[in-house]
Amino acid sequence: MPQPTDVKFFRFDQPGAPQITNTAGALIGVLDACLVDGWGLVTLDSLSVDVDGVATATRVTGHSQILHGVVEIDGATPAGLNGQHKITEISTTTFKFEVDPSLAGAATGTITAKVAPAGWEK
């Protein structure tokens with residue numbers, strides 16, 4: 001059963017995390033990334049779902065996801081894989097999340113993943 005995604009958190013040491021620098025506007029950039037836009041956008045090498053509804057996303061060169069963080073998937077077919085999902089397992093090249101078991105199989109499309117924003121509007 002898919003996990004709730006309403007609570008989001010970020011860590012400064014996540015790969016690709018936005019950083020505050022000593023330049024004008026740097027704080028606004030971090031706030032936009034975390035609250036409005038998300039960050040760490042990558043194109044996945046593959047996304048597949050097993051018969052139990054566990055989706056495995058693979059990116060050979062790494063990703064920015066953390067355990068229990070929320071990922072936002074886009075560009076996948078079937079469309080039911082798109083949206084926000086809570087990460088249940090990670091490795092350096094994969095992350096997993098739960099979806100409806102009826103989506104079992106290999107996803108197609110140009111599938112992207114990013115750290116999901118908090119859902120604010122600007």
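Which residue forms a salt bridge with Asp13? Here are some notes on that and a few other features.

1. **The Asp13 pair.** The partner is Arg11, with the closest N and O atoms 2.9 Å apart; a salt bridge here means a side-chain nitrogen of Lys or Arg within 4 Å of a carboxyl oxygen of Asp or Glu. Asp13 is partly exposed at 45% relative accessibility, and Arg11 is partly exposed at 41%. For these words, buried means under 20% relative accessible area, exposed over 50%, and partly exposed in between (1.4 Å probe, protein chains only).

2. **What to keep in mind.** This is a predicted model, in which local features need pLDDT of at least 70 and side-chain atom pairs count only at pLDDT 80 or more, while totals for chains, interfaces and linings use all residues. Residues are numbered from 1 along each chain as its sequence is written, and side-chain values use heavy atoms, with hydrogens and water left out.

3. **The sheet.** You will find an open sheet of 8 strands in the order β1-β8-β4-β5-β6-β3-β2-β7, with antiparallel pairing. Its edge strands are β1 (39-43) and β7 (105-106), each of which pairs on one side only. Strands are DSSP runs (E, at least two residues), helices are DSSP runs too (H or I, at least four), and both are numbered from the N terminus; two strands pair if DSSP finds at least two bridges between them.

4. **Strand β3 and its neighbours.** Of the 5 residues of β3 (residues 54-58), 4 are buried, so this strand is largely enclosed by the rest of the structure. On one side, β3 pairs with β2 (residues 46-49) in the antiparallel sense over 4 bridges, and Ser46 has Thr58 as its bridge partner. The hairpin of β2 and β3 has 4 residues between the strands, and Gly53 takes a positive phi near 85° there. Strand β3 is also joined to β6 (residues 94-98) by 5 bridges, again antiparallel, with Ala55 opposite Phe97.

5. The structure holds 4 salt bridges. One of them joins Glu72 to Lys114, with the closest N and O atoms 3.9 Å apart. This pair links distant parts of the chain, as Glu72 lies in β4 and Lys114 in β8, 42 residues apart. Glu72 is partly exposed at 25% relative accessibility. Strand β5 (residues 83-90) pairs with β6 over 3 antiparallel bridges, and Glu89 stands opposite Lys96 in β6. Lys96 and Glu89 also form a salt bridge, their closest N and O atoms being 3.9 Å apart. Both ends are partly exposed, Lys96 at 23% and Glu89 at 43%.

6. **A nonpolar surface patch.** Ile20, Leu27 and Leu31 form a nonpolar patch with about 290 Å² of accessible area together. Patch members have over 30% relative accessible area and no salt bridge; nonpolar side chains (Val, Leu, Ile, Met, Phe, Trp, Tyr) are joined within 5 Å, like charges within 9 Å. Areas come from the Shrake-Rupley method with a 1.4 Å probe, and for residues only the protein chains shown count as cover. Leu31 belongs to helix α1 (residues 26-37) and is partly exposed, at 41%.

7. Do have a look at Glu121, which is found in the segment after β8 (112-115). At 77% relative accessibility, Glu121 counts as exposed. The C-alpha atoms of Glu121 and Cys34 are separated by 11 Å, although these residues are 87 apart along the chain.
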